[in-house]
Amino acid sequence: MKIGIIGGGAVGLLFAGYLGRKFDVTLFVRREAQVQFLSMNGINVHKESSSFTTQVRSDQLTEVPLKFDLVIVAVKGYDLKSLENVLVLMDKNQPLLFLQNGIGHLDWVKSLPHQNLLAGSVEHGALKENDHALLHSGEGKTNLALIRGEWGVVEELVSQSIPSFPFLLKQDFEEMLLTKLFVNVLINPLTAITRITNGKLVENPHLHQLQKDLFQELLLLFPQMEGIISFERVEEICTNTYQNRSSMLKDIESSRKTEIESILGVLVEKAYKEHHFVPIMNIVYRLVKGIEREGLGG
């Protein structure tokens with residue numbers, strides 16, 4: 001199977017590094033310098049007690065039709081619209097898999113003309129070290145669900161996945177993405193504000209209470225999720241990823257734009273339109289936006 005992966009960040013490198021061991025993978029990135037690094041070095045995946053290198057094709061992303069059995073879009077949510085001209089040139093039967101956090105991108109994805117659209121929820125921990133290397137800091141799984149269309153070649157992807165990089169098919173893409181969103185909301189912004197690792201959130205009684213308050217506000221917006229995800233599950237994830245620094249914290253530390261709009265901004269807007277009172281969510285959102293603005297130079 002020929003797989004194209006768009007995005008040379010941590011997630012794109014992670015997927016290319018693992019899938020390239022089983023499939024014919026081409027990684028598309030924006031900078032020629034990264035193409036050169038990948039061509040010379042391959043993708044170096046480092047884990048706690050081991051490492052491996054995968055040789056994959058790499059190319060600079062241009063507005064030329066991509067012809068693959070599957071295209072995985074692994075850029076941040078705020079970069080999706082810049083890919084529109086690239087994606088619309090593709091065969092409309094060619095399946096697209098989107099791996100973004102949050103739900104802010106869903107309306108845009110649904111507006112695409114493609115017949116087979118899928119969403120993915122990534123539970124792995126990954127930290128990009130440079131243009132060709134990353135740290136696989138936590139093994140998990142990737143949940144997949146159809147937005148519309150048919151599974152097609154994705155069933156082959158699932159059946160041939162390696163044990164340390166599994167895929168799991170889900171029936172309801174909204175439920176899948178909302179489950180991940182609950183986790184992201186209760187971890188990412190708070191770690192970005194406080195500059196602490198995931199596990200310390202549940203150890204600190206003040207931050208732990210903020211997590212509980214945010215969880216209740218989320219249930220106001222998505223009452224259908226009650227019983228599907230529990231607060232105890234979020235606590236368990238914090239404990240299991242105790243030493244992890246969330247992606248939003250790493251963005252703040254590196255003075256990069258965060259995914260706060262896709263994770264919290266869209267929820268603050270939803271609450272306003274539906275007349276829900278979510279004071280904690282509003283404060284946390286504004287704090288991250290303020291910190292992000294200072295880091296990006298105002």
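Reader: Which residues line the largest cavity?

Author: This is a predicted model. In it, the lining of the largest cavity consists of Y18, L19, K22, F23, Q160, S161, I162 and F165. By class, five of these residues are nonpolar, two are polar and one is charged.

Reader: How many cavities of 30 Å³ or more does the structure hold, and what is the volume of the largest?

Author: There is one cavity of that size. Its volume is about 40 Å³.

Reader: Pockets next. How much space lies in the second largest pocket, and which residues lie nearest its centre?

Author: A pocket is open, whereas a cavity is a space from which the probe cannot get out. The second largest pocket holds about 380 Å³. Its lining has 13 residues, and I103, L106, D107, F222 and V266 are the ones nearest the centre.

Reader: Which helices supply that lining, and which gives the most?

Author: At least two residues come from each of α4 (106–110), α6 (173–194) and α11 (260–273). The largest contribution is that of α11, with four residues. Sorted by class, the lining of this pocket has six charged, five nonpolar and two polar residues.

Reader: How should I read a nonpolar core?

Author: In soluble globular proteins, nonpolar side chains tend to be buried together. Here the largest nonpolar core has 64 residues. Those with the most contacts inside this core are I6, L87, F98, V185, F222, L267 and M281. Its largest share is from α6, which provides 12 residues. Apart from this core lies another, of 37 residues, including Y18, F52, L157 and V158.

Reader: What is I6 in contact with, leaving aside its neighbours within four places in sequence?

Author: The contacts of I6 are F28, L61, L66, V71, I72, V73, A74, V75, L83 and L87. L87 is, like I6, listed among the residues with the most contacts inside the largest core.

Reader: How do I check the length of a helix, say α8?

Author: Compare the expected span with the distance between the end C-alpha atoms. Helix α8 (residues 205–221) has 17 residues, so at 1.5 Å a residue it should span 24 Å. The end C-alpha atoms of α8 are 25 Å apart, which agrees. For α11, with 14 residues, the reach from first C-alpha to last is 19 Å, close to the 20 Å expected.

Reader: Where is R195, and what is its phi?

Author: R195 sits in the loop between α6 and α7. Its phi is near 65°, a positive value in a residue other than glycine. With a relative accessible area of 43%, R195 is partly exposed, because that class runs between 20% and 50%.

S255, in the loop between α10 (247–253) and α11, also has a positive phi, near 55°. S255 counts as partly exposed, at 40% relative accessibility. Just after α11, H275 has a positive phi of about 60°.

Methods: Residues are numbered from 1 along each chain as its sequence is written. This is a predicted model: local features need pLDDT of at least 70, side-chain atom pairs count only at pLDDT 80 or more; totals for chains, interfaces and linings use all residues. Side-chain values use heavy atoms; hydrogens and water are left out. On a 1 Å grid over the protein atoms alone, a cavity is a set of points where a 1.4 Å probe fits but cannot get out, and a pocket is an open set with protein on both sides within 12 Å along at least five of seven lines; lining residues have an atom within 4 Å of a point. Grid points are joined across faces, edges and corners, and a volume is the space filled by probe spheres set on the points. Ala, Val, Leu, Ile, Met, Phe, Trp, Tyr, Cys and Pro count as nonpolar, Asp, Glu, Lys and Arg as charged, and the others, Gly among them, as polar. A nonpolar core is a set of buried Ala, Val, Leu, Ile, Met, Phe, Trp, Tyr and Cys residues joined through side-chain atoms within 4.5 Å. Buried means under 20% relative accessible area, exposed over 50%, partly exposed in between (1.4 Å probe, protein chains only). Contact means heavy atoms within 4.5 Å. The expected span of a helix is 1.5 Å times one less than its number of residues.
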